[in-house]
Amino acid sequence: MKDVGVGACTHEYRGHRGNLVYVNDLNIMIAESIANPLIRKHLTFLPEDTPDTLQELYQGEKWAKEVNARLLTSCVVVGGKQYFVDEVIRLKSGRYCLVSRWFMRSGTVHCCAYAVQWNEQLRGFVIDQRQGITVPIQDFELNGPALEAKAPSAYLIKGECIDLAGILTQTPEEWRPISSLRQSCKGRRVVTVPIVLYADDTSGNRSKKWNKHQSFLMTLAEGLPNKLQQQEFCIQFLGTTNVGSVLELLEGVVTQILDAWKEPVIAYDGLTGEEIVFRPLPLLFEGDNPMQSEFCSIGGLASLKFCRVCKVGAASKADEETEEHIHHFMTCGNPRHPLETLASLQKSLAIAADPTLPKNQVDQERTATGVKDSFTSFFIDQLLQLRKDFHGSNEELEAEICNVLDAHGKQQFQHNPAFQLLGLNFDFHRDTPFEILHGILLGFTKYLWRDNVKRLSPAQKALAVRRLDSLNVSGFQTSRFSGSQLIDYAHSLVGKDFKIIMQIALFALDGILDDTFLSIWVALGRLGSLVWRPKVTGKDEYLKDLEAAIAFFLDSTAFLTTQWFNKRKFHLLVHLTDNVRRFGVPINYATEKFESYNGISRLRSVFSNHQAPGVDIAASFSGYDRVRHIFSGGFWKDKVTGEWVCASSKVRAIMHDQSYHQMLGLTLPPAWSQPNTSTRKIPGLSFF
């Protein structure tokens with residue numbers, strides 16, 4: 001197991017294109033968050049079962065139901081006893097069960113388990129998969145070690161189980177009362193830390209001259225309330241590059257995640273004062289549409305098969321105008337699967353590596369599937385160029401192609417590094433949710449507002465300005481806006497302006513434009529009221545309302561003109577309902593919090609040495625991370641004594657200064673200074 005220090009060290013990686021990229025250690029950042037009492041008191045490591053409520057990421061189905069139970073938090077502590085997944089426990093009723101998953105319900109920890117029955121013929125216990133039971137922690141009596149100590153041989157579970165059909169079947173392993181994970185971690189609790197990844201390109205200059213920097217950021221999803229996730233204090237900088245691609249940065253990020261699963265990381269629990277072991281689990285990936293398409297190895301919105309989630313799309317440009325395509329455009333198509341995407345990339349690479357096949361088959365494969373990424377394209381372009389420039393026999397060309405492939409490693413690693421996360425139940429096609437900032441505000445609202453303003457005469461514009469200026473905006477929690485600014489500078493507005501426009505445009509344009517346009521604003525306003533809802537009660541009803549609102553908006557848009565559907569973002573909206581079901585309300589995965597962090601990254605670029613900005617910016621953020629951790633009361637291991645220590649009270653007193661809160665990005669100090677009064681705080685559990 002791996003110990004960590006204070007301050008995220010910067011690691012160097014050489015990307016698939018040969019570029020050097022630098023990524024700060026995300027495992028150290030996670031360990032610091034757990035070791036910081038200021039953050040730790042707001043964290044939990046278990047999903048929550050809320051049948052009728054949706055609010056936070058930990059209430060979505062992805063974390064609660066879809067992820068393999070062995071990848072989730074493996075241990076809870078009840079009355080000083082540790083209970084692990086895949087261990088047999090005895091209940092107070094005298095029954096036995098095999099724990100498969102932990103979760104929260106109504107403020108209490110429960111486990112999903114299988115009943116364990118005694119089989120007289122086998123002289124041992126067998127697992128009955130027909131009897132899936134839910135048990136609260138209050139019903140626990142004895143854990144695995146206690147059972148084994150009581151009668152070592154009697155509690156051996158035979159390598160058989162009763163399947164769902166009631167048939168006794170042989171399984172490849174035997175279960176003992178004690179989990180192997182308990183033994184390898186030497187009594188430490190084992191938790192899984194879900195994380196949210198984000199990537200974006202931003203300029204490294206203050207001026208309008210574009211200086212492209214690809215950046216990776218991260219925030220914790222482990223029960224941290226959305227209100228706190230929005231703060232800069234909770235956003236972690238991973239790395240940036242102005243020479244490499246975002247997938248080269250992803251190579252380093254994926255390497256660190258997988259390393260932590262090979263060798264779990266030790267952290268200090270700032271709440272309980274004990275060492276724990278954690279493993280990071282990527283929950284979802286955020287970004288704008290081009291970045292998410294790149295992450296999913298999809299050609300993007302300009303492709304015929306443009307959707308990163310499903311296989312909707314036309315066979316040709318001419319087919320996009322047909323009624324059948326428009327119908328499919330407004331519905332979810334057959335879902336994509338990462339293994340199918342991988343097979344398509346491998347097929348394209350195989351075509352490029354085969355001198356007997358025409359080169360245009362690569363483009364045909366990409367057109368037919370929409371599968372393409374910069375990672376594999378780099379190798380494909382090399383092979384196609386080699387075939388073009390080579391003069392010799394096919395046998396000699398095949399030998400040269402093999403040399404090129406061998407120079408870059410084995411073929412299975414010549415693809416998007418996101419494929420390496422499949423073993424962690426990360427389906428990047430479904431785990432890149434629709435983003436409401438770029439989709440609704442900088443998408444639909446911007447398109448509609450600019451189109452409508454363009455249609456207004458000078459007299460109509462003046463009337464609209466007067467109406468806007470006369471509106472009561474006290475409910476918007478914002479300063480009064482200028483109607484003339486919204487009209488005259490329609491092409492220079494930003495997301496917060498369009499959020500206001502989405503709510504008031506109907507009143508400003510009523511009677512000026514015909515009902516066809518106004519019906520779209522009605523539909524968009526209805527959709528916005530559902531999307532920006534911070535908490536949902538009545539989950540099933542909300543999902544039905546959201547699906548109906550999406551259909552109403554798309555129908556209203558299509559009734560005006562289907563040419564707007566050339567903007568492929570309209571189709572991506574149909575997947576929002578599934579995103580809400582799996583990740584909670586849409587504001588959980590809105591990118592405003594990350595977009596605002598771009599300004600900080602830009603300043604670090606401006607004040608870097610401009611020689612190697614990737615490593616210089618990463619080192620700067622590492623220093624910032626170290627200062628933030630020390631002054632906010634975080635613990636670290638003393639290299640001399642081996643003890644976990646924190647700064648003195650005199651050093652930590654700086655946190656009483658509100659100006660320092662602002663420097664650290666703590667914009668809501670009361671939320672941090674108050675004790676955690678959430679219903680998720682569990683009496684009797686030492687780590688909540």
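## Nonpolar cores

The largest nonpolar core of this predicted model holds 150 residues. Of these, F216, I440, W449 and F553 touch the most other members. Helix α7 (residues 246-262) gives the largest share, 10 residues. Apart from this core lies another, of 18 residues, with I89, C97, I133 and V135 among them. A nonpolar core here is a set of buried Ala, Val, Leu, Ile, Met, Phe, Trp, Tyr and Cys residues joined through side-chain atoms within 4.5 Å. Buried means under 20% relative accessible area (1.4 Å probe, protein chains only). Helices are DSSP runs (H or I, at least four residues), numbered from the N terminus.

F216 touches L197, Y198, A199, F237, L238, G239, V246, L249, L250, V253 and F285, leaving aside residues up to four places away in sequence. Contact means heavy atoms within 4.5 Å.

## Helix α17 against α18

The axes of α17 (residues 495-509) and α18 (residues 515-531) come within 9 Å and cross at roughly 150 degrees. α17 is therefore roughly antiparallel to α18 (angles over 145 degrees count as such). Axes are lines fitted to C-alpha atoms over the stretch in contact, with angles from 0 to 180 degrees between N-to-C directions.

The crossing of α17 and α18 is left-handed: the near helix is turned anticlockwise from the far one by less than a right angle. From α17, I501, M502, A505, L506 and L509 meet L518, W521, V522, L524, G525 and G528 of α18.

## Helix α19 against α21

The axes of α19 (residues 539-560) and α21 come within 9 Å and cross at roughly 155 degrees. That makes α19 roughly antiparallel to α21. Y542, L543, L546, E547 and I550 in α19 meet L576, T577, V580 and R581 in α21.

## Confidence

The protein chain averages a pLDDT (the predictor's confidence in each residue, from 0 to 100) of 84. At least 70 is scored by 89% of the residues. Mean confidence is highest in α21 (residues 576-583), at 95, and lowest in α26 (residues 669-673), at 46.

Over residues 164-173 the pLDDT is below 50, and this stretch has 22 contacts beyond near neighbours in sequence. Residues 669-688 also fall below 50, with 54 such contacts in the model. Where pLDDT is low, predicted coordinates should not be read in detail.

## Basis

Residues are numbered from 1 along each chain as its sequence is written, and side-chain values use heavy atoms, without hydrogens and water. Local features need pLDDT of at least 70 and side-chain atom pairs 80 or more, while totals for chains, interfaces and linings use all residues.

Conventions. Buried < 20%, exposed > 50% of the residue type's maximum accessible area, 1.4 Å probe, protein only. Helix = DSSP H or I, 4+ residues; strand = E, 2+ residues; numbered from the N terminus. Parallel < 35°, antiparallel > 145°, perpendicular 65-115°, else oblique.
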